[in-house]
Amino acid sequence: MSKDNDEEFKDAEKGPEDEDIIPKDNIMIKEIRENISKNSLEIADLKNLTESIDCEKRNDAKTDDSNPLTPRRIHYIYANVFDEDLDDTDEWTDIKRYRFQKCLWKLKYNRIVSSFYLNNLRNSEHKWSWMIIVISTMTSGLTVANNVEESNAPFDNYKTYVNVMLTVSSMTTSLIAAWIKKQMFIEKINYIDKYLTELNALCEDLEIQLSLLNTDRLEYDEFKKLYIPKMTQYLTTNPIIPPLEWKRCIREITLDYPELLNMDDSEDNKMWPWYGDLISDPKNDDKDAPHVRYPTTFYRKFKKTNRDKYLSTCCGKQKMKIVYDCENKP
């Protein structure tokens, strides 16, 4: 049989059903290709997202924080009061000590912010007082210059110029003195200085007591009667700091004095609210995982520098809305 006859015989064997199978297979292959294309795009997006997350983690790893990011899986140690067992005993326990430790954190927070605010007040008062001294000295020199006789004057209208300068310097001195009095620098400095002296003594006393063993510490009832009224007093009578001044103090502490926030790398001495509550280390799956305190959103917001401010904008097209710029106004 010839080759042509074989081809005709094969064509004769094909029926109408075989003609329908071929287009259906083509449609199925087309759908498979479309699905592969869509999945490829999703996989590429996931890959880019993973790379960006890894990049952020690497950037955070370059910071000075020992714990730059707080994991989402968090187990608080003593945060939930509903998980606490009723304890009517008069003995010290870990949770009782921890509750007083949290009060000590707030006292330390008031102390450090008030200290920086007091320092800023003193710097402002010293600046304005020095300006008064300088202007007063110039006024004394102008008074001597005003005693020169008109015949010996070095130029015309000499007396007039000297009298004008004397008047301006005297008015400036009076205005600055009135400004200092209106700002109540002296009263605020004296009040905050006294408050800080007593608060520092209370913080150090509490620090020593809570550092001792339960057997060496004051009895629980005696401790409560002695220290709870004092803690309440210094937490409720803290100096009222204007919001802008408070923000400047917080920003100065966070950017220029980060070593004050974690001096000895111990969890108890990490400064609140820069560091949060005590949690079980999420990176450790052991039953007895160590207790840690991670940086809070408060810390991450205020630790950004001016360089971060400019990098956070898209080539200057977006308006810079930043919490760490003290002069930023809506």
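Student: What should I know before reading values?

Tutor: The model is predicted: local features need pLDDT of at least 70, side-chain atom pairs count only at pLDDT 80 or more, and totals for chains, interfaces and linings use all residues. Residues are numbered from 1 along each chain as its sequence is written, and side-chain values use heavy atoms, with hydrogens and water left out.

Student: How many helices and strands are in the protein chain?

Tutor: Elements are DSSP runs, numbered from the N terminus: helices are H or I, at least four residues, and strands are E, at least two. Here the protein chain has nine helices and three strands. Their order from the N terminus is α-α-β-α-α-α-α-α-β-β-α-α.

Student: How many salt bridges are there?

Tutor: A salt bridge puts a side-chain nitrogen of Lys or Arg within 4 Å of a carboxyl oxygen of Asp or Glu. The count is eight. One of them joins R97 and D268 at 3.1 Å, N to O. R97 is in helix α3 (residues 94–146), and D268 is in the loop between α7 (243–256) and β2 (279–280), 171 residues apart.

Student: Which residue pairs with D277?

Tutor: K102, at 3.4 Å, N to O. D277 lies in the loop between α7 and β2 and K102 in helix α3, so the pair ties together parts 175 residues apart in sequence.

Student: Is D277 buried or exposed?

Tutor: Buried means under 20% relative accessible area, exposed over 50%, and partly exposed in between (1.4 Å probe, protein chains only). D277 counts as buried because its relative accessibility is 17%. K102, at 24%, is partly exposed.
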